[in-house]
Amino acid sequence: MAKTIPVKIKRQDTPHDGSRWETFDVPYESGMNVTTVLQRIAANPMTAEQQSSTPVAYDACCLEEICGACTMVINGRVRQACSALVDDLLQEQADSIELQPMTKFPVVRDLVVNRQPMFNSLSKVKAWVRVDGYHDMGSGPRVSEATQEEAYPLSRCMTCGCCVEACPQFNDHSPFIGPAAISQAILFNSHPTGAVDREDRLAVLSDAGGIADCGNSQNCVKVCPKEIPLTDSIAKAGRDTTLYKIRQWFGR
Amino acid sequence: MQQVGSPASGEKYHFLIRRLHSATGLVPVGIFLCIHLVTNATVLLPGDPGYEFQKSVERIHALGPLLVPVEIIGIFVPLLFHSLLGVQIILTGKSNAQQYRYGSNIRYTLQRTTGFIAFAFILYHVWQVHWFGKPVGGGQFSLHDEAGNPAGAATTAAAIQAAWWIAPIYAIGVVSTVYHLANGIWTSLITWGITIRPKSQKTAGYICAAFGVVLTLIGLGALSGFRTLSIDSEDVHTKNTTHTVSRHVP
């Protein structure tokens with residue numbers, strides 16, 4: 001008989017329902033990832049106790065760790081289902097796989113969460129380069145190679161939510177906007193055209209919920225799947241807001 | 001329930017208050033802690049037991065009538081501000097060091113735990129070294145003891161710490177307070193934007209750790225110094241000689 005893996009999943013039917021745990025025995029296939037596991041469960045939603053259940057709802061999109069949609073807490077650690085390989089997971093924890101939705105966002109259903117707070121934070125820090133229209137404005141300003149090299153790693157952020165999920169300061173009784181938004185503010189401040197909104201971004205970062213609410217646990221940088229130097233951005237935000245406030249208080 | 005990740009605007013002085021929290025921890029409170037522990041450690045200096053400590057305390061008391069205002073404005077007010085705001089900051093966090101066992105995350109949790117312990121310990125300590133601290137195993141710390149011996153400050157300090165159960169309380173209090181300061185210096189270097197790269201943060205980490213170890217040794221050394229100081233009560237009452245205090249080697 002083929003080897004099966006017990007997969008324990010935290011389930012919730014609607015945003016208002018309570019949650020429950022269900023275990024599914026999934027036949028092992030070499031090279032499978034967690035998304036495959038969820039597909040196999042959808043094909044045969046029978047619990048380990050041979051009770052008929054429903055397919056587990058989950059998000060998935062790019063399947064190559066680019067979009068961030070399938071982010072969930074796998075074996076107690078937040079990461080993407082697509083790049084979480086079952087072989088690796090069994091190395092970490094031999095007997096089973098445990099899946100649960102991210103805890104810092106409202107659950108829509110099962111493993112699907114609403115990451116809207118992440119996007120709200122991005123709009124608060126104006127995480128974009130402002131353009132006045134779609135007419136030809138000629139070539140943009142020159143960006144030095146050094147700035148490009150600083151900016152590129154920050155631009156890899158896919159707003160997946162790993163950093164805020166692991167952050168002890170991001171929770172329902174703290175206004176902290178989280179590492180991703182802070183890092184994006186630093187990214188767009190470093191852009192010559194984006195820097196037009198620099199002061200507005202620093203105003204948000206030095207408000208309640210901004211940089212002052214970071215507790216320096218540095219979990220963000222360790223769980224970030226895109227290896228973004230989030231703590232560099234946080235420290236830069238500390239420096240920039242200090243200078244910004246000094247300019248504000250003493251006049252520029 | 002507050003919406004996750006939504007800055008509550010309108011707290012006009014949020015940034016200023018948090019930076020003052022960082023600054024007060026370093027400048028009046030942190031520096032005071034160093035001076036306090038180093039002063040205590042002079043009890044270990046060779047010569048007549050307690051003599052160097054007596055001189056150190058006399059230098060502090062040379063401020064005369066200014067001493068109490070300096071204590072209140074320079075130490076108690078910043079300390080209370082730092083502590084009370086610190087408790088509020090602790091309440092905004094949800095520690096997850098069990099789940100994410102990274103060194104920096106464990107330090108984050110320890111910073112909050114030791115902050116709490118340090119606050120409780122300092123309240124106890126201040127209570128304990130005054131005359132009204134007698135019910136908690138303490139007594140009045142004074143520049144001169146009743147017998148008027150030349151190392152009165154050391155004998156009163158030793159007497160306050162004489163009960164056996166005071167030693168572990170003080171040891172835990174000192175270690176927690178020193179950890180909180182050493183790790184606080186490390187995080188403040190990030191907060192103020194001085195150490196940005198992981199490499200500079202790592203270097204700062206080694207320096208802060210070394211500072212913490214040295215200050216812990218100074219603090220614990222001072223505690224053992226006071227514990228090994230024996231007060232010869234007969235001498236105190238009969239003749240006011242310099243030999244009323246001696247050191248016993250355990």
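**View 1. A kink in helix α1(B), centred on Val29(B).** In this predicted model, the helix axis bends by about 40° at that point. A reminder for anyone following side chains along the helix: an α-helix has 3.6 residues a turn, so residues three or four places apart point the same way.

**View 2. Where chain A meets chain B.** Here we look at the contact between the two chains, to which chain A brings 41 residues and chain B brings 33 residues. Which elements of chain A give two or more residues to this side? They are α3 (116–124), α5 (162–166), α8 (219–223) and α9 (230–250). Of these, α9(A) gives the most, with nine residues. Sorted by class, the side of chain A that touches chain B holds 20 polar, eleven nonpolar and ten charged residues.

**View 3. The fold of chain A, built from nine helices and seven strands.** Taken along the principal axes, the box filled by the C-alpha atoms of chain A is roughly 75 × 40 × 35 Å. Chain A has 252 residues, and 44% of them are buried.

Technical notes: Residues numbered from 1 in each chain as written. Chains lettered and ligands numbered in written order. Predicted model: local features only at pLDDT ≥ 70, side-chain atom pairs only at ≥ 80, totals over all residues. Helix = DSSP H or I, 4+ residues; strand = E, 2+ residues; numbered from the N terminus. Buried ≥ 20, exposed ≤ 12 C-beta atoms within 10 Å, placed from the backbone. Bend = angle between axes of the 7 residues up to and from the residue. Contact = placed C-beta atoms within 7 Å. Nonpolar A, V, L, I, M, F, W, Y, C, P; charged D, E, K, R; others polar.
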